[in-house]
Amino acid sequence: RRMGLDSETALIKCAAAGDAASVGVLADARCDVNARDARHGTALLVAVCAGHDGVVEQLLALKADPAQGKVDAGETAMHQAAEHGRLACLQRLIEGNAEVNCTSLTGASPFLMAASAGH
């Protein structure tokens, strides 16, 4: 399941690239949709950061957990989507029941991160 020395899973690499077909193949092979890389990122988190809302929706349908995969100061996929202005990803996360009022380790909410980034 792991690829290379960087500890990214094949699923994380495909999600980052927005490769929905390969995400589907890996899901059919029963890969762990919540596996984390060395930075504690998940396929869902990297798909959000890259703005691949279709892959975000696909991963949520596969039961990817939006609360998993925290980066930097405990920022979730909601934080990253808000900070980067990924509105379609935010919509998918909200539809997938992601925690809207979550806070990072520094106490920042997704709303605060969006406002701080000018969104």
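At what angle do α3 and α4 pack, and how far apart are their axes? In this predicted model, the angle is about 160° and the axes lie 8 Å apart.

## Packing of α3 against α4

Because angles over 145 degrees count as roughly antiparallel, the value for this pair makes α3 roughly antiparallel to α4. The crossing of the two helices is left-handed.

On the α3 side, the contact is formed by A43, L44, A47 and V48, and on the α4 side by V55, V56, L59 and L60. Sorted by class, the contact of α3 with α4 holds 8 nonpolar residues, with no polar and no charged ones.

## Packing of α1 against α3

α3 also packs with α1, at an angle of about 15° and with the axes 8 Å apart. Angles under 35 degrees count as roughly parallel, so α1 is roughly parallel to α3. Here the crossing is right-handed.

α1 contributes L11, I12, A15 and A16 to this contact, while α3 contributes A43, V46, A47 and A50. The contact of α1 with α3 divides into 8 nonpolar, no polar and no charged residues. A43 and A47 of α3 take part in the contact with α1 and also in the contact with α4.

## The nonpolar core

The largest nonpolar core has 29 residues, and those touching the most other members are L11, A15, L44, V48, V56, L59 and L93. Two or more core residues come from each of α1 (10–17), α3 (43–50), α4 (53–61), α5 (77–83) and α6 (87–95). The largest share, 6 residues, is given by α3.

V56 is one of the core residues that touch the most other members, and V56 also belongs to the α4 side of the contact with α3. Neighbours within four places in sequence aside, V56 is in contact with L44, A47, V48, C89, R92 and L93. Of these partners, L44, A47 and V48 are among the α3 residues that meet α4.

## G69 in the loop between α4 and α5

G69 sits in the loop between α4 and α5. Is G69 buried or exposed? Buried means under 20% relative accessible area, and G69 has 0%, so G69 is buried.

Which residues does G69 touch, not counting those up to four places away in sequence? They are R36, H40, G41, T42, L45, E75 and T76.

Conventions. Residues numbered from 1 in each chain as written. Predicted model: local features only at pLDDT ≥ 70, side-chain atom pairs only at ≥ 80, totals over all residues. Heavy atoms only, no water. Core = buried A, V, L, I, M, F, W, Y, C linked by side-chain atoms within 4.5 Å. Buried < 20%, exposed > 50% of the residue type's maximum accessible area, 1.4 Å probe, protein only. Helix = DSSP H or I, 4+ residues; strand = E, 2+ residues; numbered from the N terminus. Contact = heavy atoms within 4.5 Å. Axes fitted to C-alpha atoms, helices over the stretch in contact; angles between N-to-C directions. Parallel < 35°, antiparallel > 145°, perpendicular 65-115°, else oblique. Left-handed = near helix turned anticlockwise from the far one by under 90°. Nonpolar A, V, L, I, M, F, W, Y, C, P; charged D, E, K, R; others polar.
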